[in-house]
Amino acid sequence: MKVVSQRFDIPNCADYSVAKQNGAYKDLDKILSKNPQEIVDIVAKSKLRGKGGGGGDCGAKWKNMLAWPGNKRYLVVNGDESEPGTCKDKYILNLDPHLLIEGIIISSHALGAKQAFVYIRGEYEREFQSLTKAINDAKSELRGLEIFVYKGAGAYVCGEKTALIESIEGKRGHPRLKPHSKAQPDTIFNEPCVVNNVETISSVPFIVKNGAEAYLSLGTEKSPGTLLFAVSGHVNTPCVKEVPFGYKMIDFINNFGGGVWKNRELKAVIPGGASVPVLTKEEVQSVTLDYENLKEFKSALGTGGMIVFDETASMPEALLNLLEFFTEESCGQCTPCREGCGWATQIVEKIVKGEGTLSDFDTLEEICYMLDGKTICLFAPSAKDLIKGFITKFRSEFIALLKDKN
Amino acid sequence: MIVEIVVDDKKISVDDSGNLIDELKKHNIEIPHFCYHKALGVSGNCRMCLIEVVGQKRPQIACDTPISAGMEIKINSELTRKVQRLNLALEFKNHPLDCPICDQAGECRLQEYYMKFDLSGSDVDKNWKVDKPKKQDFGSGIVHDASRCVLCRRCVRFLQNCTKTCELGLKGRGEWSEISIFGDRKIDNDYAGNVADLCPVGAMTLKDFRFKQRVWNLDKQEAICQKCSKGCNIQIWSYTDKNTPRQIYRFTSNGDDFICDEGRYSYKNEPFLKSDIASGFSFQGCDLIVTSTLSLEEMSAVKSFASKVGLRVFGYSEFDDENFKENTNLKLRQKDKSSNKKGLEKLEFNQNLNDLKDDIVIFHLGDLENLKTKFASKNVKFIAPREGADIVCASAYHRSGHTINCDNEIKFSKANFNDKTSLSIIEILEKFIGENLQIQKDFKCLL
């Protein structure tokens, strides 16, 4: 059963008439005549989890926002897909934008929002055109709802929900300080809002049309439903495929990724975008693709974009490559992240060049200590997970490059 | 509401609606910080004020921790010390070793916190430090050094929230971020100098003070600016030794409040001249005029002197600047360019100058040109802290005194220098009369 990718293989399904012929906007009147609270309850019952990397309970987030006083409410859709190894939202925006639009219409009705914002990363020009054309074609379906599509300008940090809101408000994409009480929702233009990933909102039509039980029947008990998993790197057929949670990772890599390329052996996999601890080949054999299992392996599912390394990959060089990305993309607000990422990159570069010493590991340890939870947003802890994962699980490769191995 | 919290196992009482950093400062407990400022609000990005809060998994920033009754914080624990030391190490990673040439040395927060919380060596190669431009002219006498900047953004927030002139912004991202002006639109407002006072490090400095003197050589006195009727709190920084007479090097704000550039640079016009009472000087047959630049004590002394020697005394307070314009949102500067007009009114000086005698003596702590023009038809003798005055007296900065500002507040300029270059007005009058004058001490009754 497919939740979001049922129409991906139908040619021209981005076209309004083709989408409509294949079930888009079906029974929309009936759904919109339901009480908004009823839709919120269905979504909450389905235990839909956010697909942007956090995996938080979507229904609980909606209920939290609705409980907060406000004059207007907004829906913000996060299409700033900049996590390395992740390219799933691109498929929805290109191949089936009407699914997203339908999800926005239903979600806005449930949340009482008359305006919705969609934020797409600046590099996704084709996706931006696809979505704006689809919104224009589907004007008659909107029933008064206004959907504004914003383009980013090349910042990974704008995928962080408060930085995204700052960007839409016209300011620099700096994440905000977290509110003192968990009951306080995110606010845009001083009014309450929710920020949800493109795929999360695109899952709403299936859940509302087929019922919470249908969604719960897929996946595992704690991670119900499906996710558009991506596999890339040293595989024969890098691709994006929707499978239910609980699918074995090694099966996904072999069945859909075509196995490790050039008949080489598997070495490591980063399970969910660059910001999670890497898995060794032994761990990959037994791990399943769901939030709980990966947590048991001291990693995280993140966005489900798997990056596969073959036996010839140099892990120090891979770490350097990813750290350069993190240093470039740090917004620069907090001292630990701004200075620490750059410093860590220079240390790893020194090791890769063959000039490293054992004391460099101590410095990296101290930098990781400051990156872990001492900053405003979760960018720095992600960098710390990255560094720690590589250094602990592939320590021998780093030691082999040191100037003096004693 | 006043609540009790525990700091390092000691109970103290704080106001739970205030900010934790400010409340602890009232108890003389200093929490290191760069970006927080009372007038600019919480920014939370320097992460220097991380402290251990008992019951929380991670250290919290003190500037954004809500005060709750019974909360327990540890500011000298191993955890707090560790995060402070490591945060400093991260600040120093890209910071240039400019101390020998940096004006901020001696009043630099990085130096202060290093001596208190760090004292470790550095293993960062100087070629690893990010290269940023130095000595940039941002206008209005502000010089910016981007490599020293700790990106606390106090300067940006001041110009955005206080003056609302928004001349500064951030350029770039990550460790290549810099504070920058927009294109060639330089800082151009009447409060630009505060940017240099607010900067905790030597990134924003004043061209006027550049390379002039080391702050540890200067003597600091708390005073009140006398340039207009607002009476802002300032600090007088001056230098003297056996061979040189006392010289003021700069005025700064007191760190919490702001001052305008006109007041800041007015120190240039306030030399400490030697008093010289010419032997032929006499008050006989003169009308005395007190201007609104004198302190309440001096005004009261002149009144007492006048009544003892049987002379008339009047008041003069027309010092409004006709070309005055306020073009920012901060609105500290006032049209009235004298410091104590309200004092003159409250002490009930007669300001009707219609039947003045031909011979007058004017007591005035300021420039004399306008008064010379105004009283050109009279035979005027000046008692003022200016060259060419008939008696040179101490300026308003050379002595202590009270004034009443435009908001009906009593302001006290505490400055008191042990080396007396010149005599104050009170001392001059007491010399003439040969005895102590009766000077009003309590001024609260005037309000």
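Tutor: A salt bridge here is a side-chain nitrogen of Lys or Arg within 4 Å of a carboxyl oxygen of Asp or Glu. By that rule, the side chains of Arg312(B) and Asp355(B) meet in a salt bridge, at 3.8 Å from N to O. The model is predicted, so local features need pLDDT of at least 70 and side-chain atom pairs count only at pLDDT 80 or more, while totals for chains, interfaces and linings use all residues. Side-chain values use heavy atoms, leaving out hydrogens and water; residues are numbered from 1 along each chain as its sequence is written, with chains lettered from A and ligands numbered from 1 in the order in which they are written.

Student: Where do Arg312(B) and Asp355(B) sit in the chain?

Tutor: Arg312(B) is in the loop between α7 (296-309) and β15 (313-316) of chain B, and Asp355(B) is in the loop between α8 (341-346) and β16 (359-363), so the pair links distant parts of the chain, 43 residues apart. Helices (H or I, at least four residues) and strands (E, at least two) are DSSP runs, numbered from the N terminus.

Student: Is Asp355(B) buried or exposed?

Tutor: Asp355(B) is exposed, with a relative accessible area of 51%. Arg312(B) counts as partly exposed at 33%. Buried means under 20% relative accessible area, exposed over 50%, and partly exposed in between (1.4 Å probe, protein chains only).

Student: How many salt bridges does the structure hold over all chains?

Tutor: The count over all chains is 57.

Student: Chain A next. What does Asp96(A) form a salt bridge with?

Tutor: Its partner is Arg7(A), with the closest N and O atoms 3.2 Å apart. Asp96(A) lies in the loop between α5 (88-95) and α6 (97-111), and Arg7(A) in the segment before α1 (16-21), so the pair ties together parts that are 89 residues apart in sequence. Asp96(A) is buried at 0% relative accessibility, and Arg7(A) is buried at 6%.

Student: And how about Asp385(A) and Lys384(A)?

Tutor: Their side chains meet in a salt bridge at 3.3 Å, N to O. Asp385(A) is partly exposed at 23%, whereas Lys384(A) is buried at 15%.

Student: Now the serine. Where is Ser229(B)?

Tutor: Ser229(B) is in the loop between β11 (219-224) and β12 (233-239) of chain B. At 6% relative accessibility, Ser229(B) counts as buried.

Student: What does Ser229(B) touch?

Tutor: Not counting residues up to four places away in sequence, Ser229(B) touches Gln334(B), Asp336(B), Ser338(B), Ser339(B), Asn405(B) and Cys406(B). Contact means heavy atoms within 4.5 Å.
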